[in-house]
Amino acid sequence: MERFALARELVLQAGAALRESRLREDEIQHKSGYQDLVTRWDKETEQFLRRGISEAFPQDIIVGEEYPAANEGAEGCTWYLDPIDGTTNFVSQHRNYAVSVGCWRGEEPLFGLVLDVERPALYWAEAGSGAFRDGTPLHTSRRREVQELLMTVPGVPRTLLNPHPRQEGLLRLAREVRGVRSLGSVALELCALAAGEADLFVTLRSCPWDHNAGRIILAEAGGSLCDLEGEFLPLDRRTPVLAANAPETLRLVRERYLGAAE
Ligand code: IPD
Ligand code: CA
Ligand code: CA
């Protein structure tokens with residue numbers, strides 16, 4: 001089976017198991033603090049994905065949230081796995097969480113898959129072939145005026161409430177857009193942009209497994225992403241992310257609210 005077909009199969013199987021899951025309180029643990037959760041299901045899902053990938057492609061590199069990277073430094077493709085993106089939602093709501101799998105060859109995107117598990121809906125894109133939700137082609141919104149934009153912020157405290165050098169600009173932006181939403185899943189919020197259901201996305205902190213699948217889907221749907229300096233988003237480390245429905249929107253927001261030169 002080729003990589004995309006395998007990934008699709010694994011993501012759908014992982015989603016089916018998560019839909020059936022019943023989480024017990026004693027299966028929830030804290031990682032870096034009380035706002036950073038992991039459950040037995042995050043770990044089991046990542047192990048399931050890793051097993052399937054490494055059996056078929058033993059030379060590939062696997063970067064996932066819950067376990068150390070496999071084959072780091074090797075020549076193969078790199079898989080970025082977030083077994084549950086939106087663990088807090090999984091724990092508190094049992095909805096609004098995703099399985100996210102992105103695959104790259106170095107800095108060349110290959111494909112991204114994001115399964116909104118409970119909806120259920122599969123967002124996917126193969127580089128150069130457009131983005132889809134199940135069988136429906138996706139395109140970002142055509143909104144360009146700041147007052148028309150719906151902005152999404154997956155981590156409100158860090159991005160908007162805590163002091164940081166760009167806080168003032170982001171707060172002004174938040175006041176001037178049509179509205180601000182927070183779903184609590186980077187992957188699903190990038191897919192919402194791809195589907196034209198939001199127009200702008202900002203987070204001060206996102207990890208490779210959070211965004212390396214969704215960014216491919218968003219770019220294939222016509223969207224654009226960068227870090228707060230306007231640079232290509234790194235693949236291999238934590239980074240702020242600014243994403244928009246089009247390159248023009250990204251430029252406008254950077255110039256008007258983030259101090260970029262016009
Ligand atoms: C988190 C979610 C959340 C975002 C955090 C991520 P997790 O991922 O995407 O919305 O604000 O930065 O770490 O921990 O649920 O996989
Ligand atoms: Ca995540
Ligand atoms: Ca996760």
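This is a predicted model: local features need pLDDT of at least 70, side-chain atom pairs count only at pLDDT 80 or more; totals for chains, interfaces and linings use all residues.
I took buried to mean under 20% relative accessible area, exposed over 50%, and partly exposed in between, with a 1.4 Å probe and protein chains only. Residues are numbered from 1 along each chain as its sequence is written, chains are lettered from A and ligands numbered from 1 in the order in which they are written, and side-chain values use heavy atoms, with hydrogens and water left out.

**Entry 1: calcium sites**

I counted as donors N, O and S atoms within 2.8 Å of the metal (3.2 Å for Na, K and Ca); water is not among the atoms, so sites may look incomplete. For the calcium ion (ligand 3) I found Glu65 (OE), Asp82 (OD) and Ile84 (O) as protein donors, 2.1 to 2.3 Å from the ion. Their spacing in sequence is E-x16-D-x1-I. Glu65 sits in the loop between β3 (61-64) and β4 (78-85) and Asp82 in strand β4, so the pair ties together parts 17 residues apart in sequence. Strands (E, at least two residues) and helices (H or I, at least four) are DSSP runs, numbered from the N terminus. I noted Glu65 as partly exposed, at 25% relative accessible area, whereas Asp82 is buried at 0%.

For the calcium ion (ligand 2) I listed Asp82 (OD), Asp85 (OD) and Asp210 (OD), at 2.1 to 2.2 Å, with the spacing D-x2-D-x124-D. Asp82 bridges the two calcium ions, ligand 2 and ligand 3, which lie 3.7 Å apart. Asp85 is buried, as is Asp82.

**Entry 2: Glu189**

I located Glu189 in helix α6 (residues 186-194). Which side chain of opposite charge is nearest to Glu189? I found Arg181, 10 Å away; Glu189 is buried and has no salt bridge (a side-chain nitrogen of Lys or Arg within 4 Å of a carboxyl oxygen of Asp or Glu). The Glu189 side chain reaches the side chain of Thr152 at 2.6 Å and the backbone nitrogen of Leu183 at 3.0 Å.

**Entry 3: aromatic rings**

I paired rings of Phe, Tyr and Trp (its six-membered ring) with centres within 6.5 Å; planes under 30 degrees apart are stacked, over 60 edge-to-face, the rest tilted. Phe132 is buried at 18% relative accessible area. I also noted one aromatic cluster formed by Phe4, Phe57, Trp79, Phe111, Trp124 and Phe132.

Methods
Lys and Arg count as positive and Asp and Glu as negative; His and the chain ends are not counted. A polar contact is a pair of N or O atoms within 3.5 Å; within protein, one must be able to donate a hydrogen and the other to accept it, and residues adjacent in sequence count only if both atoms are side-chain atoms.
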